[in-house]
Amino acid sequence: MTKRKRYLLCGHGESLPMAEDGATSLSSVLEDLAVEVCAEAVSARRRVNEEHFDFVWVSCCEGAEPINLAAACKRDSPQTAVYLVTADRTGSVASRARAAELDGIVSPAELGEHLLKEAARNVDGDGGDGESVVLALPDSEGVRQALSAAKAPEENRAGFLLTVVSGSGGAGKSTVATLTALLGARRGLRTALLDADLQFGDLAALMGDAPSVPVEEVVRTGAVPDGLSEAPLVLVSAPRALERSEVVAASMGSVVDVLVASFDFVVANTGGGWDDVHLLLLERAAASLFLVDQRASSVRACRHALDLCLRCGIATGSFLLAVNRCTRHAPFTSIDVSSALDGAHVAELADGGREVEELLGAGMAQSLVEASSPLCISIEGVLDELLPLASRPASAGVQAPLARIGLAPKADAGLRGKQRKRKGRASRREAALAKDAS
């Protein structure tokens, strides 16, 4: 006799319509099929780790976004068929499901229909000698079309989204995001710099006359203007009017879709206050750079923000923590911050000195990159950790792929030597300029 299949439903069963006439109750169907129901994300994931289930359906679960919980369940138990239950079949959802290697996407109505069929097969005595009806779900036409639509832009573009965040304002997000985008473009990556500080973003002032498009224009047209589509670096600036920020925030997911499909490297700058835009960008990011500055309050805010991410079900494994404005006499080093954050891997970003504020204030960010500022050199080291191997410059040498972003080893001796050489050139240049001035 064939062993009866085991099912787990992660969510509230009330969201699944069983029959239009209401003749068949959900509870009876779930009972007939011995479907285990977990309404809380932590409990559901614990059950997936403790027991073997043939099928796991993830719907609206407390404590985590369904796509995040589904991805975690699939990672915990790759042999289990895991389905995302949602009526949203957009390319964004399909792309995330494909990246998580889920077995399919089904609507609540489709899942309810298939559960009814499974229950009917059991009643007829045919439920133990054949393939389960739900095995056909991944081949449904709607799922195939959604995954195909999502697959094309991913194959054409690397679409690496890097989100720059901090626990509080003043940590240097705008500066680091701007220079990171410029350094990415310098590596030959077609780059977009997204100013997601929708209320007070000022990257347009820092970037000077760089090619740009207002974010509300991308929302309205659903595309980057043709005249900018082939530029090596494009700034997607914050809304021109403060009152438009809420409208843009509601469409930020579609903006990210457009940019990731159109560019190799997308750097998203964020504001000081945490909101839904922060969480969306962190969920969608391939990696996130979390900045801490030299204030004790910044370290505390970092811990609070990381706790918030965990409560919202956002995985922090792709975060790289970095302490900013490091000098020989700075209050905090990466070791200090790591100790305060329970041993997390923390990188260091050098203090670029007064020239950083002066050149950025004048809209001359490119000059910092060309002058090999100490801050730019340290950001380059961070990019070597975060970006895929294929996007690194040939001069960086061949390095083994990172097993886990954010837990990477320190840069090798060759890279450190290269950085020291650049620092030496910068110091000699500064000395020559000072001599000329005198």
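Contact here is heavy atoms within 4.5 Å, while axes are lines fitted to C-alpha atoms, for helices over the stretch in contact, with angles from 0 to 180 degrees between N-to-C directions. Helices (H or I, at least four residues) and strands (E, at least two) are DSSP runs, numbered from the N terminus. The model is a predicted one, where local features need pLDDT of at least 70 and side-chain atom pairs count only at pLDDT 80 or more, though totals for chains, interfaces and linings use all residues. Residues are numbered from 1 along each chain as its sequence is written, and side-chain values use heavy atoms, with hydrogens and water left out.

As for the overall numbers, the protein chain has 18 helices and 13 strands. Of its 438 residues, 49% are buried; the cut-offs are under 20% relative accessible area for buried, over 50% for exposed, and partly exposed in between (1.4 Å probe, protein chains only). The accessible surface of the chain comes to about 20,600 Å², and carbon and sulfur atoms hold 52% of that. These areas come from the Shrake-Rupley method with a 1.4 Å probe, and for residues only the protein chains shown count as cover. Taking contacts between residues at least 6 apart in sequence, 73% join residues at least 24 apart.

Two strands count as paired if DSSP finds at least two bridges between them. Strands β3 (residues 55-58) and β4 (residues 81-85) share 4 bridges in the parallel sense, and Trp-57 has Tyr-83 as its bridge partner in β4.

The other open sheet to look at has 8 strands, again with parallel pairing, in the order β8-β9-β7-β10-β6-β11-β12-β13. Strands β8 (212-214) and β13 (346-350) sit at the edges and pair on one side only; from one strand to the next, the twist averages 25°. Within this sheet, β7 (residues 191-195) and β10 (residues 265-269) pair in the parallel sense over 5 bridges, with Thr-191 partnered by Phe-265 in β10. Helix α7 (residues 173-186) lies across β6 (160-166), β7, β9 (233-237), β10, β11 (287-292), β12 (319-326) and β13, at about 170° to β10. Helix α11 (residues 252-262) lies across β6, β7, β9 and β10, and runs at about 165° to β7.

A nonpolar core is a set of buried Ala, Val, Leu, Ile, Met, Phe, Trp, Tyr and Cys residues joined through side-chain atoms within 4.5 Å. The largest one has 41 residues, and those touching the most other members are Leu-179, Leu-193, Phe-265, Leu-289, Leu-291, Leu-349 and Ile-379. The largest share of this core, 7 residues, comes from α7. A second, separate core holds 25 residues, including Leu-161, Val-255, Val-266 and Leu-281. Leaving aside residues up to four places away in sequence, Leu-289 touches Leu-162, Thr-163, Val-164, Val-165, Val-176, Leu-320, Ala-322 and Val-382.

On the charged side, a search of the whole structure finds 13 salt bridges, each being a side-chain nitrogen of Lys or Arg within 4 Å of a carboxyl oxygen of Asp or Glu. Glu-51 and Arg-6 form one at 3.4 Å, N to O. This pair links distant parts of the chain, 45 residues apart: Glu-51 is in the loop between α2 (41-50) and β3, and Arg-6 is in the segment before β1. Glu-51 is partly exposed at 33% relative accessibility, and Arg-6 is partly exposed at 30%.

Glu-36 also forms a salt bridge with Arg-47, the closest N and O atoms being 2.6 Å apart. Glu-36 lies in strand β2 and Arg-47 in helix α2, so the pair ties together parts 11 residues apart in sequence. Arg-47 is buried at 17% relative accessible area, whereas Glu-36 is partly exposed at 23% relative accessibility.

Glu-358 and Arg-354 form another salt bridge, with closest N and O atoms 3.3 Å apart. They are 4 residues apart in helix α15 (residues 354-361), which means a separation of about one helical turn. Arg-354 is exposed at 68% relative accessibility, while Glu-358 is partly exposed at 45% relative accessible area. Elsewhere, salt bridges that share partners join Arg-6, Glu-36, Arg-47, Glu-50 and Glu-51 into one network.
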